[in-house]
Structures are given as structure tokens and as C-alpha cells.
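Me: I would like to learn how to read a structure like this one. Could we go through it feature by feature?

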Amino acid sequence: MPPPPELPRGPSRRAPLLLLVIAAALLVARIGSGVWEGRHPPDLPDRMPWHGIASAEADSRASGRLVLYDFSAAWCGPCRQMATEVFADETSARKLGAMFVPVHVVDRAREDGRNQPDVQALEDRFRIEAFPTLVVYAPDTGRHVTITGYGGAASLMQELTQATLTLRTGGGRRDSL
Amino acid sequence: MNGTLITALLRQRLTSPLRLAFLVMAMTFPLLIVAADPSSGFAAVETSLVFAWIFGAGMIGQDTSSGVLQLLLARPVRRDVYALSRWFAVSLATAAAAVAQVGLAALILSARGARPEPGAVGFAWANHVTSAFGATAPLLLLSTFTPGIGDLGLLWLIYMCGGILQMAGGAFHSPAVLQAGHEVQDFLNPMIDFAKVIGPATSWYEVLAYLSSVTLSLALAIVILNRKELSYASAA
């Protein structure tokens, strides 16, 4: 009869000390790098062909492209993330520039106590309550589609394509003007 | 890691009709989207998180509620080895499914005349494999708290809370609350976007956040499992 296999010795509950130490070290490094990268955002060029608020609707009618309003704020982390991943990316910026008349609208209410009148008028018109918010707007029909938040470049591009299809087929919400 | 535990879990998962049905759906539908709209590229096949849920739901909880865990730990099996083997097996299955799906998507795209760049396929594979090993770690942690597949419900609940925090942060112009919401969701779905890490704006935070979430989840899962008192007379 063969001898029984040797059973492992020692308790069945062993504290994962090494793993805990590594996890704690990585957590500290994570917080540190998060704070550092937040204070030192990458200096990437904005490749979007932004249009002015005043001329956007006329440009849209002239070119047949929909208006894309990008409502953001300086304090908004996801807005910076979107700027880095989408607006600084050559391919995405070129695609968005071909699809839309893009307009960058920066909220300054937190910093200055109030916004410029044209910015505030747009925020009231599209009922902007959070940042980032993208509004795809068809001046001819007065309809729009709102995308709130940022869930990554790929999903944003999908949402924008879907919004364009919605507006081109007569869907979307009427603006509050 | 324990080879027998890993094999046992893989066999268990691959013989569950319900899980297989969900697996076929999660595998097929995104590929149909790719076939219908090749311009979407690999965006439609970002399903590694869903594969992680399919293979991972009830990683420990199901063994707890069925009484298997009590019997298993009566044998000379260390709890940390058990937990890490469960995580590794689920991650392996998730990664294999995700890699296969990306490969099939690449074939479909090539057949539809939208042949992806080799670099894009490589990035997609790397992203999916890291996502597979990442998404299963918090699920393991949550599985130590709840019986059955309650871990999945708990995960969705916490994920929703993260979303609510983000909405509140955006609405009340609070960057701290907004960031807290992001951190909650990032913790539950650790992943690395290699295009971003290798790109012009290298983010070390991306890598550190991933590693931190995975190691913290595994360490806490083992600590909680070590503290768990199992009784043969207990229902849970």
C-alpha cells in the first residue's frame, strides 16, 4: 500500500501580509499619482476646430452639419479626461470636426460667481445641470440630444453617432427657447 | 494557486447551462453589431466585464450557500490558496472568452473590408486581458460578503451609487464628490487602456489605480475569508 500523500502543515488561515503591504503601498502611490496628475495635467494640443458661440448656428446652416456644444468647467476632472482622450486625439478631433460644428462652452460660475451672458443663455436653454454635457443640436428643427457625463472615448463616439442619427431622422427633444 | 481547484471551477462553470447561455449571448450579440456596422471597430466588443460577471458571479458565495466551502475547508486547503485559485480560474476563463471575441471581431472586420491595424488588435487584447484579471478581483471580494450570486447585485448597487455620486458632484459643482463617484466605479471595474498608457499623455495613475484595486480586493477578500466562521449547521 503506497504511503498517504504528505499533507501540508500549518494553519489553514494565513494572513496575506505581503499582499496587504503591496496593496497599501500601491494605494499610497495611486493617491499620490492621482493628486500629482490632477495638478499637472498633460499639456496636449487641443485639435478641435472650435467655432464661436455667436457664429455656430449660422455655420451649421451653411455647412449642413449639426452643432455640438461641449459644456465643461475648469474644475471638472472628467471634462479634462475627455479633452485629453478625445479633443487632443487627432483621429477623433478630425472625425468630430467633419461631423459637427463644435462649440466649447466653459462654465465659470464657480470661479467668477456668474457666467458670461451668452454662456448662461445656452446653459439655461439646454437646461445644463452637470458637467461634462454634450448637446448635439439641429438649428433647422430646433431639436437636440443631450449626453451627460463621460464614459470613455469609444462610448462617447458611439453616443454622438447615435445622436446624429436620431436628429437626422426627426428625433430628439425640442429646445426650451 | 491550486491546479485542482482551478480545473474544478472551470469545469463547474462550463457545465452550467445558464452560464453557457449567457456566454453565447454575450459572445454573439456584439459580434453581430460588428458585422452590421464595421465602422464601430472594436468598440462593440468591450464585453470582458460581462464575461467576468458570467464566469465570476457567486465565486465564493455559491460555495458558501451550497455547503461546498465548509466541506472543502475541512480538507488541508489554505483559505488564501482557495480564494486566489477561484480568482485566477475565473480570470482565465474571462480572458480566454474576451481574447476569442476580439479575434473573431478582427476576422469579421477583415471580411467586411475594415481590416484593423495589427496594433489595434494588440491593444484590444492587452486591454481585455487586464480587464479580465481586474474585474474579477472586486467580484471575489464582494463574493466573500454574500451567499449565492448576491455579489453581482452588490456590485451593481455600489456601481449605481458611484454613478449617483458623479451626478451629484456634477450638479452641485463639487469636484471631490465627482471624483469619489469615479473612484468607486473605477475600483469595481479596474482596467488599463494601453493606448493611453503608451500614448503621448502617459498616465501612471491608470496603471497604479489598476494594480491597487486588484491587490486591495484580493488582500481584503482573503482577510474576510480568514475571518469567516463556517458551520455545518449554518444555512449560509
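Reply: We can begin with a single residue and look at what lies around it. A138(A) touches L66(A), R143(A), L167(A) and G172(A), leaving aside residues up to four places away in sequence. Keep in mind that this is a predicted model.

Me: Where in chain A is A138(A) found?

Reply: A138(A) belongs to strand β3 of chain A.

Me: Is A138(A) buried or exposed?

Reply: The idea is to count neighbours: a residue is buried if 20 or more other C-beta atoms lie within 10 Å of its own. A138(A) has 22 C-beta neighbours inside 10 Å, so it counts as buried.

Me: Which residue of chain A has a positive phi although it is not a glycine?

Reply: That is R127(A), with a phi of about 50°. R127(A) sits in the loop between α6 and β3 of chain A. The neighbour count applies here too: 12 or fewer means exposed. R127(A) has 12 C-beta neighbours inside 10 Å, so it counts as exposed.

Me: Which residues does a cis peptide bond join?

Reply: Look at omega. The bond between F131(A) and P132(A) is cis, with omega about -5°. P132(A) is in the loop between α6 (117–125) and β3 (133–138) of chain A, and R127(A) is also placed in the loop between α6 and β3.

Me: How do I describe chain A as a whole? How many helices and strands does chain A have?

Reply: Count the elements, then read their order. Chain A has 7 helices and 5 strands. From the N terminus on, they run α-α-β-α-α-β-α-α-β-β-α-β. The radius of gyration of chain A is 24 Å, well over the 16 Å that the globule rule gives for 177 residues, so chain A is more spread out than a compact globule. Its C-alpha atoms fill a box of roughly 90 × 45 × 30 Å along the principal axes. Buried residues are 32% of the 177 in chain A.

Me: How many residues of the two chains are in contact with each other?

Reply: List the residues on each side. Here 33 residues of chain A are in contact with 35 residues of chain B. On the chain A side, α1 (17–39), α3 (77–87) and α7 (153–168) each supply at least two residues. The largest share, 11 residues, comes from α1(A). By class, this side has 19 nonpolar, 7 polar and 7 charged residues.

Me: Which residues touch the most other members in the largest nonpolar core?

Reply: A core is read as a set of members and the elements that supply them. This one has 61 residues, and those touching the most other members are F51(B), A52(B), A83(B), A132(B), L140(B) and L218(B). Its suppliers of at least two residues each include α1 of chain A and, in chain B, α7 (118–143) and α11 (204–227). The largest share of this core, 14 residues, comes from α6(B). A second, separate core of 38 residues includes F71(A), Y137(A), A153(A) and A163(A).

Me: At what angle do the axes of α7(B) and α11(B) cross?

Reply: For a helix pair, take the distance, the angle and the handedness. The axes of α7(B) and α11(B) come within 8 Å and cross at roughly 35°, and the crossing is left-handed. Residues making the contact include L140(B) of α7(B) and L218(B) of α11(B). The residues of this contact divide into 10 nonpolar, 4 polar and no charged.

Key
Residues numbered from 1 in each chain as written. Chains lettered and ligands numbered in written order. Predicted model: local features only at pLDDT ≥ 70, side-chain atom pairs only at ≥ 80, totals over all residues. Helix = DSSP H or I, 4+ residues; strand = E, 2+ residues; numbered from the N terminus. Rg over C-alpha atoms; globule rule 2.2 N^0.38 Å. Contact = placed C-beta atoms within 7 Å. Nonpolar A, V, L, I, M, F, W, Y, C, P; charged D, E, K, R; others polar. Core = buried A, V, L, I, M, F, W, Y, C linked by C-beta atoms within 7 Å. Axes fitted to C-alpha atoms, helices over the stretch in contact; angles between N-to-C directions. Left-handed = near helix turned anticlockwise from the far one by under 90°.
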